[in-house]
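This report describes selected helices, sheets and loops of one protein model. Please examine the sequence and the structure before reading on.

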Amino acid sequence: MAEHPLLIFPEPSLAERAKRSGGGGKVRVPAAQRQAGRLTPQFQRLQQAMDRQRMALQGNSFGLQPEQALVIETIGSIENFINAVKKVDGLEWLGEFEVDDIDPEYGFEDAKDPEKKLKGRLFLIMTDQRALQELQNLFTNWQQDNTISFPRGLAPLKQAFAHLHTIRPWDAEDRIRDTGIIEDWKDRIEHGQQIVPFEAELWFRNSPGRQQQAQRYLSDVVDALGGEIVQQCVIPQITYHGVLGKIPIDEFSALLAEMARLRTFRLLQCEDIMHIRPVGQCAIRVSDYLSETGTAESEAPTALSQEGPLVAMFDGLPLTGHRLLDGRLIVDDPDDYESAYQAKERLHGTAMASLICHGDVNENAEPLTRPLYVRPIMQPRRGFDGQFVEAIPDDVLPVDLVHRAVRRLYESEGDEPPVAPSVRVINLSVCDRYRPFDRGMSAWARLLDWLAWKYNVLFVVSAGNHTQDIQLNLRRADFQNLAAEERERRVIEAIAADTRHRRLLAPAEALNSITLAATHADASPATANPHLIDPFAQNGLPSTTSAHGPGYQRAIKPDIFLPGGRQLLSEKLGTTHPNAILQTTFFNRAPGQCVASPGPAGELDRTIHTRGTSNAAALASRWANVLFDLIQQLRSQPGTNLPAEYDVVLLKTLLVHGADWANAGALYTSILKNDQNSRTFKDYVGRLLGYGSADVAKVMVCTDQRATVLGAGTLDNEEGHEFFLPLPPSLSAVTEKRRLTITLAWISPVNSRHHSYRTAHLWFNPKNDLAPSRMDADHRAVQRGTVQHEVLEGAKAVDYQDGDTIAIKVSCRADAGDIPEPIRYGLAVTLEVADGIDIPIYQEVRDRLRVPVPVQSGGRV
């Protein structure tokens with residue numbers, strides 16, 4: 001099959017952005033008197049909570065006045081609500097996010113479908129006594145006459161009272177919900193640990209003086225409990241104020257024995273605390289069974305490039321002298337994490353570095369020629385169960401550690417210059433198992449999004465692994481007789497039913513990052529073991545351990561899938577449950593992806609087989625390195641000028657461009673689609689499949705029957721660029737099936753206190769006559785993140801003239817505040833028919849593209 005280079009779009013036309021249509025349905029609200037009667041007790045409880053806070057703060061030495069964080073949940077949106085809050089002296093805006101699963105009750109219902117779940121907003125506001133009293137007075141006035149005029153600027157509060165679902169204080173239960181802190185405390189008590197570390201994220205206050213007050217008061221509380229504050233970190237750009245502390249275990253023992261006392265525990269009563277979590281939970285389990293190793297073959301010497309590293313890896317410390325890694329790594333360890341490692345403990349970093357440099361060793365791929373920058377952010381330790389893990393240390397805030405590590409790449413520290421300013425991709429194959437995604441963005445994800453924008457860098461992040469048991473809807477006695485296809489069906493049903501417990505793990509929800517999930521695939525030879533179960537009849541389906549989406553505001557997450565190794569299961573025996581239960585197996589032999597590993601005595605030539613989303617992320621970073629070389633080659637062609645500032649968005653575009661649902665789409669549809677979810681099925685299954693499995697190799701070349709064209713540029717608010725894809729004359733009026741794939745990617749500034757979060761929204765409308773049928777992901781979900789990837793197909797005869805084109809308009813609008821500077825984007829468009837069909841797509845598209853006009857660095861295309 002003939003292969004051809006990618007093509008470049010000529011200069012697009014500058015235009016106004018496209019108009020957007022649509023909007024939410026209408027919601028019926030309860031009558032004012034019914035609403036007032038229901039809300040009055042809630043306001044009374046707010047005042048009672050404020051009175052308790054005032055008593056707790058009596059005589060404090062920090063000048064603190066009683067305050068309270070309020071949770072205000074409304075049905076529908078409230079126009080200008082933020083501005084109204086800011087006009088009330090004593091109210092401070094903390095944040096907001098959308099809610100889309102509110103039950104229709106209390107007189108709230110969708111005007112067309114009374115049973116439909118409702119959408120709303122959840123507002124977070126800090127109030128003092130005076131502001132709370134003013135809110136109560138306004139509510140009382142509205143209760144007596146809902147047509148009353150409010151003072152200038154406060155009219156949105158009338159609408160808020162009419163749409164108000166709940167108003168309550170943020171309490172102790174909110175501070176620990178879904179954090180795993182109780183389980184962590186119980187484990188530490190059970191294993192006799194004397195000191196309990198904790199991480200508190202405080203409400204971010206705009207005033208530095210108020211931040212210091214909150215810090216001092218928390219220190220006072222911790223001191224009174226016999227503990228101490230170890231570290232704090234404030235990053236205003238992501239509204240983050242984190243504190244690391246530790247408290248003697250004695251303070252928790254009695255508390256956990258009587259959970260009813262939890263609300264009264266002084267640490268959890270601090271109004272300035274938003275969340276309190278365990279520390280050191282960015283832990284990766286690694287196997288102790290290093291006897292199950294192979295031996296890496298000696299490789300032919302590879303001439304390494306003298307260029308700086310393109311990819312950075314933040315992970316555990318690799319075994320730098322390993323036969324497969326020797327001379328390929330630049331290890332930067334300013335915190336001296338190496339001192340805590342023995343050679344045999346350098347497992348995860350060695351495996352990830354091996355995958356980035358070599359891929360799956362069983363595939364015998366060419367190694368990368370650029371060095372890999374490595375910053376150790378983990379250390380080895382034993383868990384409570386004796387299991388060996390590598391984890392971020394207990395005495396470090398992960399957000400602060402990653403922030404310092406990224407800043408060190410690009411900024412000077414004293415007399416030291418930036419250590420690796422050439423890095424354009426940062427691999428993070430780590431996650432926090434106690435921070436599953438739940439509505440709001442984690443501080444870690446907010447950090448990655450801000451850093452991606454600040455330094456024009458692409459983060460490649462693993463979605464996270466969930467290794468809990470899989471309970472089938474099938475009696476144990478019937479399981480043994482299942483055919484492979486029926487077993488596959490039962491496993492997919494069980495995992496889909498458990499999706500709430502398989503959510504993305506922070507920071508996988510980061511909007512600007514590429515988030516990787518794993519497919520059940522590798523290059524290892526087939527193995528036969530009667531005690532192990534292959535859950536799938538075919539390779540390439542989502543792994544049983546991969547985390548599910550969606551991301552923030554139901555954006556497509558994970559973005560793409562790459563091979564993560566075949567994960568075998570075993571039947572769980574010795575249980576009394578009547579249904580069959582499958583459990584994840586852990587071992588270092590095949591199947592799986594073959595990677596470098598230390599030997600049991602620290603040998604430098606051993607390999608093991610591993611599985612998981614960490615592997616998929618490492619492979620994506622490897623592909624990014626290869627794609628960068630491709631962009632460099634395109635840049636060297638005569639008449640082509642793609643400035644380096646577009647490298648990151650083009651890498652992001654190309655990593656996703658080859659993705660589709662392939663066989664998984666039809667299989668999951670046949671298993672999971674039903675009458676109840678048919679209307680929103682694509683949106684539902686998108687959280688399981690993302691954009692699909694990415695064929696990156698396919699994206700790198702064109703064929704006679706496939707043409708891929710790249711574009712790039714910058715857009716400001718309300719602007720648009722129109723690209724024109726020439727239509728090949730030989731495809732006119734024929735009925736051959738054709739596919740059109742369009743991918744748009746950008747990196748957006750973010751606004752952590754706005755419900756939209758994403759400051760810049762770019763999009764295109766893929767409507768066309770040649771390939772009119774949208775495939776794969778839901779057409780609304782694809783516009784919620786920072787990658788829009790559309791796969792379209794058609795087979796009807798379309799009559800057009802030579803010179804006709806498909807117009808693709810890329811538009812930009814402000815989504816969460818003002819856009820600070822024009823937004824860089826990358827665009828890839830592929831038109832193809834099946835191989836072997838005698839239609840010269842590539843030649844005819846190439847010949848009809850106009851002579852490219854160079855992209856001007858720093859300006860418009």
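## Helix contacts

Glu488, Arg489, Ile492, Glu493 and Ala496 of helix α13 meet Leu667, Tyr668, Ser670, Ile671 and Leu672 of helix α16, where contact means heavy atoms within 4.5 Å. Sorted by class, this contact holds six nonpolar, one polar and three charged residues. Here Ala, Val, Leu, Ile, Met, Phe, Trp, Tyr, Cys and Pro count as nonpolar, Asp, Glu, Lys and Arg as charged, and the others, Gly among them, as polar.

The model is predicted: local features need pLDDT of at least 70, side-chain atom pairs count only at pLDDT 80 or more, and totals for chains, interfaces and linings use all residues. Residues are numbered from 1 along each chain as its sequence is written, and side-chain values use heavy atoms, with hydrogens and water left out. Helices (H or I, at least four residues) and strands (E, at least two) are DSSP runs, numbered from the N terminus.

Two packed helices are described by the angle between their axes and the distance between the axes. The axes of α13 (residues 484-497) and α16 (residues 662-672) come within 10 Å and cross at roughly 75°. Axes are lines fitted to C-alpha atoms, for helices over the stretch in contact, and angles run from 0 to 180 degrees between N-to-C directions. The helices α13 and α16 are therefore roughly perpendicular to each other. In this scheme, angles under 35 degrees count as roughly parallel, over 145 as roughly antiparallel, 65 to 115 as roughly perpendicular and the rest as oblique.

A second pair consists of α14 (residues 613-635) and α15, whose axes come within 9 Å and cross at roughly 120°. That angle makes α14 oblique to α15. From α14, the residues Ala620, Trp623, Ala624, Leu627, Phe628, Ile631 and Arg635 meet Asp647, Leu650, Leu651, Leu654 and Leu655 of α15. This contact of α14 with α15 comprises 10 nonpolar, no polar and two charged residues.

Is helix α15 largely enclosed or exposed? Of the 11 residues of α15 (residues 647-657), 11 are buried, so the helix is largely enclosed by the rest of the structure. Buried means under 20% relative accessible area, exposed over 50%, and partly exposed in between (1.4 Å probe, protein chains only). Among the buried residues of α15 are Asp647, Lys652 and His657.

## Sheets and strand pairs

Strands of a sheet pair through backbone hydrogen bonds, either parallel or antiparallel. In this report, two strands pair if DSSP finds at least two bridges between them.

Another open sheet has six strands in the order β1-β31-β38-β33-β36-β35, with mixed pairing. Its edge strands are β1 (7-8) and β35 (773-775), and each pairs on one side only.

| Strand pair | Bridges | Facing residues |
|---|---|---|
| β5 and β7 (residues 118-128) | Nine bridges | Glycine 95 and leucine 124 |
| β34 and β37 (residues 805-814) | Four bridges | Tryptophan 763 and serine 811 |
| β35 and β36 (residues 787-794) | Three bridges | Serine 773 and glutamate 793 |

In strand β34 (residues 760-763), Ala760 and Leu762 point one way, while His761 and Trp763 point the other way, and all are buried.

## Loops

The loop between β23 (514-519) and β24 (560-563) contains proline 550, and the peptide bond from glycine 549 to proline 550 is cis, with omega near 5°. Proline 558 has its place in the loop between β23 and β24 as well; a cis peptide bond joins lysine 557 to proline 558, with omega about -10°. Glutamine 553 also lies in the loop between β23 and β24. Its phi is near 55°, a positive value in a residue other than glycine. At 22% relative accessibility, glutamine 553 counts as partly exposed.

Tyrosine 106, in the loop between β5 and β6, has a positive phi of about 60° although it is not a glycine. Proline 114 lies in the loop between β6 (109-110) and β7. Leaving aside neighbours within four places in sequence, proline 114 is in contact with Pro104 and Glu109.
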